[in-house]
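The report below goes through a few of its features one at a time.

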Amino acid sequence: MSKKWITIGIIIVAVFLIYNFFSGKYNNMVAMEENVNTQWSNVETQYQRRYDLIPNLVNTVKGFAEQEREVLTGVTEARAKASSIQIDPANLNENTLQQFQQAQGQLNSALSRLLVTVERYPDLKSNQNFLELQAQLEGTENRIAVSRQRFNAAAQEYNTYIRSFPNNTLAGMYGFDRKPLFEADQGAESAPKVEF
């Protein structure tokens, strides 16, 4: 009779330990994935902040540099394209992140052309509204960089966790997939040439 209770006790303890192992690993994966999703939302929030600043910047420049219509149109179109790409964190993969980054790169390029154009208008460069918008845009670019770094850190931690043994087996069973990382923009690896 006592052997029967010992066997039942061992089985109960074994089931309890196995349950705790699997549920603990699963819960860690869920928590880490949620952290990645939150960090992605923070990235999108900072990009939205930039999208919101651009119309004000374009309108301010338009008042001073009406003849620069092509540059202003380019910025507006790039903003519309970049803001139209919405990525659900659950569907975040290499391809969707690359599309997102490409649209952001086009917007960065259009903004750079706009800011170069501004150099031709000294009155605009001294306009208080323009200076404030430019400072806000610079601050937003810094916030975007920080958000991207935090997203990459969370995604890297998550990716490492789900790819480590025995977590990789459980991640496959539960459907946890690797999250992509932000990479440097094309051309960022070479320093710009400065000529005087």
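## A threonine and its surroundings

In which helix is Thr140 found? The model shown here is a predicted one, and in it Thr140 is found in helix 5. With a relative accessibility of 0%, Thr140 counts as buried, because a residue is called buried when its relative accessible area is under 20%.

If the neighbours within four places in sequence are left aside, Thr140 is in contact with Gln46, Arg49, Arg50 and Leu53.

## How helix 1 meets helix 3

Helix 1 covers residues 2–64 and helix 3 covers residues 94–118, and the two pack with their axes 12 Å apart, at an angle of about 30°. Angles under 35 degrees count as roughly parallel, so helix 1 is described as roughly parallel to helix 3. Where helix 1 passes helix 3, the crossing is left-handed.

Which residues meet in this contact? From helix 1 come Trp40, Tyr47, Arg50, Tyr51, Ile54, Leu57 and Val61, while helix 3 contributes Leu97, Phe100, Gln104, Leu107, Asn108, Leu111, Leu114 and Val118. Sorted by kind, the residues of the contact of helix 1 with helix 3 are twelve nonpolar, two polar and one charged.

Side chains of opposite charge can pair when their charged atoms come close.

In one of them, Glu141 pairs with Arg50, and the closest N and O atoms are 2.9 Å apart.

Another salt bridge joins Glu33 and Lys179, with 3.6 Å between the closest N and O atoms. Glu33 is in helix 1, while Lys179 is in the segment after helix 6 (167–174), and the pair therefore links distant parts of the chain, 146 residues apart. Lys179 has a relative accessible area of 3% and is buried. The remaining pair is Arg178 with Glu94, whose closest N and O atoms are 3.0 Å apart. Because Arg178 lies in the segment after helix 6 and Glu94 in helix 3, this pair ties together parts that are 84 residues apart in sequence. Arg178 counts as partly exposed at 41% relative accessibility, and Glu94 likewise counts as partly exposed, at 44%.

## Two loops between helices

Gln86 lies in the loop between helix 2 (69–84) and helix 3. Is Gln86 buried or exposed? At 56% relative accessibility, Gln86 counts as exposed, because the word is used for values over 50%. Gln86 and Thr96 are ten residues apart in sequence, and their C-alpha atoms are 9.2 Å apart in space.

A further loop, between helix 5 and helix 6, is the place of Pro166. The peptide bond that joins Phe165 and Pro166 is cis, and its omega is about 5°.

Notes: Residues are numbered from 1 along each chain as its sequence is written. This is a predicted model: local features need pLDDT of at least 70, side-chain atom pairs count only at pLDDT 80 or more; totals for chains, interfaces and linings use all residues. Side-chain values use heavy atoms; hydrogens and water are left out. Axes are lines fitted to C-alpha atoms, for helices over the stretch in contact, and angles run from 0 to 180 degrees between N-to-C directions. Helices (H or I, at least four residues) and strands (E, at least two) are DSSP runs, numbered from the N terminus. Angles under 35 degrees count as roughly parallel, over 145 as roughly antiparallel, 65 to 115 as roughly perpendicular and the rest as oblique. A crossing is left-handed if the near helix is turned anticlockwise from the far one by less than a right angle, and right-handed if clockwise. Contact means heavy atoms within 4.5 Å. Ala, Val, Leu, Ile, Met, Phe, Trp, Tyr, Cys and Pro count as nonpolar, Asp, Glu, Lys and Arg as charged, and the others, Gly among them, as polar. A salt bridge is a side-chain nitrogen of Lys or Arg within 4 Å of a carboxyl oxygen of Asp or Glu. Buried means under 20% relative accessible area, exposed over 50%, partly exposed in between (1.4 Å probe, protein chains only).
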